[in-house]
Structures are given as C-alpha cells and as structure tokens.
Amino acid sequence: MSNKLFVKNAKQIVLICNSGEKFLTKEGMQKLCVIEDSSLVIGSDGLIKDIGPARTIEVQYAEALFDEVIDATGMCVIPGLVDAHTHPVWAGDRVHEFAMKLAGATYMDVHMAGGGIHFTVENTRAAPASTLLASLTERLGRMLRAGTTLVECKSGYGLELHTELKMLEVIESARSTLPINISPTYCGAHAVPKGKTVAEATTDILQFQLPRLRERMSSGALRVDNIDVFCEQGVFDLASTRSILQAGLDMGLNINFHGDELHPMNSAQMGAELGALAISHLEEVTDEGIAAMATAKTAAVLLPTTAYILRLPQPRARDMLQAGVIVALGSDFNPNAYCCSMPLVMHLACVNMKMSMPEALAAATINAAYALGCSHTHGSLEVNKHGDLLVLNAPRWEHLIYQFGGHQELIRYVVIKGKVVYNNDKTMNL
C-alpha cells in the first residue's frame with residue numbers, strides 16, 4: 001500500500017507536543033517538543049503515520065512506496081500555522097481610513113463618521129457572491145503561502161440575513177473547494193445596522209437570522225462552527241451579547257467572540273460563565289476576567305496586529321500566561337488590519353506583547369487550533385493527526401519569527417493532509 005508523503009532527514013521536527021495535549025499553558029508553552037535529525041511519514045489517508053529518527057524511519061519505509069518525497073536535509077519542519085481570527089470576506093478596501101488613523105482618528109471616530117464596518121457593509125451588500133469568492137480565494141492563497149493551513153473565517157459585513165447568508169455561502173464554497181482548512185463563523189452581530197437600535201438588531205438576529213441559519217445548517221447547505229458578537233460600548237452591550245451567544249450555543253455553535261477590546265466590558269467573565277471556547281482582543285480585560293478565563297479553559301485569542309495598527313494598549317499576554325490562560329494568536333485580517341501573515345503576527349507578539357518564540361509558536365498552532373475546537377486533529381505533529389506542515393529552509397525553526405517579513409524566502413513547502421499545496425522553488429539561473 002502506497003503512502004502519501006515522506007519528509008526525510010529534517011534537521012529539526014517541531015512536534016509542539018507529543019502526548020495528545022489539546023492545549024498548552026505556562027511552562028508547557030516554553031518547552032516545545034523538538035526532535036533532531038528526524039523523518040516523518042504521512043499515510044494515504046492524509047494523516048501522520050510515523051515520526052522518528054531519520055535512520056530508523058529510513059529502514060522501515062522504502063521511498064518507492066510514497067507518492068512524493070521531500071528531502072529536508074538542513075531544513076526544519078513545523079506544524080501548519082493556525083489563524084484563529086479573520087474577517088476575509090468583504091468588498092471595498094479601506095486604505096483611505098489608514099491615513100485618517102495615522103492623523104490621529106480613533107477606531108470609534110472612524111466608525112461614528114460612517115466609515116469602518118459600515119463602509120465595508122455597504123460595499124459587501126452590493127457585491128455579487130462571485131466577486132466575494134474571487135477575492136476570498138486570493139486572500140486565502142496569500143495566507144496559505146505564508147504558512148496558514150487552518151483559518152477561522154467570519155461573516156459580519158452584512159448585518160442582515162441576505163448578505164450574512166451570502167457571505168457564509170461564499171465561505172462554504174471556499175471550504176469545499178480549496179485545500180486550506182476553514183472554520184466558519186457567523187458574526188451577524190458585528191455592528192448595529194444603521195437605523196436600528198441595539199434591541200432591534202438583537203431581536204432581528206434572535207428571531208429571524210439565527211432560525212434561518214439553523215435551517216440552512218440542518219439541511220447540510222452550510223457548515224458553521226462558531227458564533228461571534230462584537231461586545232463593546234456603542235455596539236452590542238453585555239445583555240444583548242449574552243442572549244445572542246446563548247442562542248448560538250443552543251444551536252450547537254462554539255462561542256468565540258470579540259470582547260474587552262476598547263473598554264473593560266466584563267466580557268471575559270461573561271464568556272467564561274457561558275463556557276465560551278474563545279474570546280478575542282481583550283486589550284482591556286480585567287484581572288477578574290483573566291482569572292475567570294483561566295478557570296473556564298476559555299482561550300484568549302490575541303491580535304497583535306490590531307493593537308499595533310490602532311495604537312491600542314497591547315493585550316496583557318504575560319499576565320494571561322502567568323495566570324494559566326490558554327493563549328492563542330490570530331491575524332484579525334480585515335480591511336482595518338490588512339495582514340495575511342501569521343509569521344508577522346508571531347513576531348509582533350514577541351516584540352510588543354513580550355511573548356517568547358516558543359510561546360508564540362504554541363499560540364499559533366496547538367492553542368489556536370483549540371480556540372477553533374480542532375486541536376484533536378490539528379496544531380501539532382503527532383501520529384493520527386492531519387498531515388499539515390511547513391518545511392522551512394532554515395537550520396532552526398526560530399528563523400520564521402526572527403526574520404521579520406522573511407517568510408516568503410523561508411517557507412519552502414506547505415503541506416496539507418500530506419499533499420504539497422505550495423512549492424516555493426526560488427532557484428534561479430543568474
């Protein structure tokens with residue numbers, strides 16, 4: 001019986017963990033499992049079949065039995081990166097708003113002036129699904145080439161049923177046709193639509209949008225994994241957020257929402273009480289919120305690009321890590337924070353949030369997978385997990401974080417379920 005892929009003679013293979021852990025905290029994030037001079041085998045089912053010393057694996061498996069062989073001599077192998085928070089379906093960029101922010105406008109200044117989410121909503125509502133799918137495909141391709149093999153994708157630029165479903169249908173089309181793994185999220189409560197109050201928007205979601213979404217999910221037309229709400233002053237308050245998240249939970253969706261970004265809303269405490277799988281942003285989280293998330297095993301999805309671009313206080317990563325919170329990372333890719341690269345996100349996490357490189361890699365692999373409910377299949381290189389990995393043209397894995405903006409040269413191969421989906425052959429005749 002043939003196997004799919006043989007990655008041989010790697011200088012390092014970073015397993016992340018090797019005892020079936022679903023997440024890492026504290027010291028576990030500092031002591032990643034790394035094996036030297038090793039090889040890896042992916043079976044015909046796309047799952048990892050064997051990992052071990054190169055000489056041992058070479059004796060056990062004949063290269064002729066593989067569909068493809070990668071000679072990783074002098075290179076490193078790490079798990080495919082996981083991006084736990086993105087908004088990749090939209091029309092109409094906001095490059096003009098970047099100039100406003102550079103001139104001192106805050107996020108809410110832009111929002112109240114009719115820009116921000118509302119500008120994107122108008123353009124996304126008007127765009128045909130084919131246009132949205134084409135741009136989503138291009139963006140996911142950029143993410144994949146930067147090493148992301150599993151990505152969370154939100155709706156949220158419709159704010160009414162028709163466009164929210166259109167966005168989720170576009171995400172479903174991408175999920176069913178592209179190699180990158182996608183975890184879809186319904187984010188109909190991303191902003192309060194123009195002309196509606198918070199109460200009216202909440203009623204529309206609870207009585208109209210979610211029931212229709214449930215029908216589409218039950219019929220098999222759509223897969224949705226998570227429910228998201230932007231819990232913030234001037235957007236959805238704590239009571240409205242709770243009711244929407246609870247309704248999603250009752251539908252079988254994972255709670256994975258925006259909280260405590262611009263103001264301390266006590267979102268973390270509420271999310272922990274509801275059993276949220278993950279909460280994102282948390283720039284303004286309180287000590288009580290941190291403690292509640294640690295106890296509830298609710299992941300903190302930190303977004304260093306957002307704090308960087310909006311000049312917000314950095315999320316308190318060190319306090320969260322010390323408290324035992326499951327810290328994950330995401331790019332927050334959207335028209336307000338245009339970053340497709342998890343290597344850049346990890347670098348910013350290390351420099352601006354004072355995370356170590358092992359912590360950042362764990363946060364962008366096993367813990368980000370946990371935040372999406374996928375760490376039993378993704379996020380580490382262990383037998384019977386998905387064969388999703390990167391081969392780095394570097395002698396140590398840390399180069400992917402150390403070389404700021406260098407991933408275009410460092411990532412030699414991207415592999416998903418044992419299939420090479422990106423071969424970055426830079427050889428040139430000079």
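A crossing of two helices is called left-handed if the near helix is turned anticlockwise from the far one by less than a right angle, and right-handed if clockwise. Helices (H or I, at least four residues) and strands (E, at least two) are DSSP runs, numbered from the N terminus. The model is predicted: local features need pLDDT of at least 70, side-chain atom pairs count only at pLDDT 80 or more, and totals for chains, interfaces and linings use all residues. Residues are numbered from 1 along each chain as its sequence is written, and side-chain values use heavy atoms, with hydrogens and water left out.

The protein chain comprises 18 helices and 16 strands. Its radius of gyration, taken over C-alpha atoms, is 21 Å. The C-alpha trace spans about 70 × 50 × 45 Å along its principal axes. Of the 430 residues, 60% are buried, meaning under 20% relative accessible area with a 1.4 Å probe, protein chains only. Contacts are heavy atoms within 4.5 Å. Among those with a separation of 6 or more, 72% join residues 24 or more positions apart.

Two helix pairs were examined. Axes are lines fitted to C-alpha atoms, for helices over the stretch in contact, and angles run from 0 to 180 degrees between N-to-C directions. Angles under 35 degrees count as roughly parallel, over 145 as roughly antiparallel, 65 to 115 as roughly perpendicular and the rest as oblique. Residues are classed as nonpolar (Ala, Val, Leu, Ile, Met, Phe, Trp, Tyr, Cys and Pro), charged (Asp, Glu, Lys and Arg) or polar (the others, Gly among them).

Helix α9 (residues 238–250) and helix α10 (residues 267–274) have axes that come within 11 Å and cross at roughly 25°. The two are therefore roughly parallel. Their crossing is right-handed. From α9, L238, T241, R242, L245, Q246 and L249 meet S267, M270, E273 and L274 of α10. This contact has five nonpolar, three polar and two charged residues.

The axes of α6 (residues 129–145) and α7 (residues 161–177) come within 9 Å, crossing at roughly 50°. That makes α6 oblique to α7. The crossing is again right-handed. A129, L132, L133, L136 and L140 of α6 meet K166, V170, I171, S173 and A174 of α7. Eight of these residues are nonpolar, one is polar and one is charged.

L312 lies in the loop between α12 (304–310) and α13 (317–323). Residues up to four places away in sequence aside, L312 touches E261, L262, E283, T306 and A307.

Notes. Rg over C-alpha atoms; globule rule 2.2 N^0.38 Å. Buried < 20%, exposed > 50% of the residue type's maximum accessible area, 1.4 Å probe, protein only.
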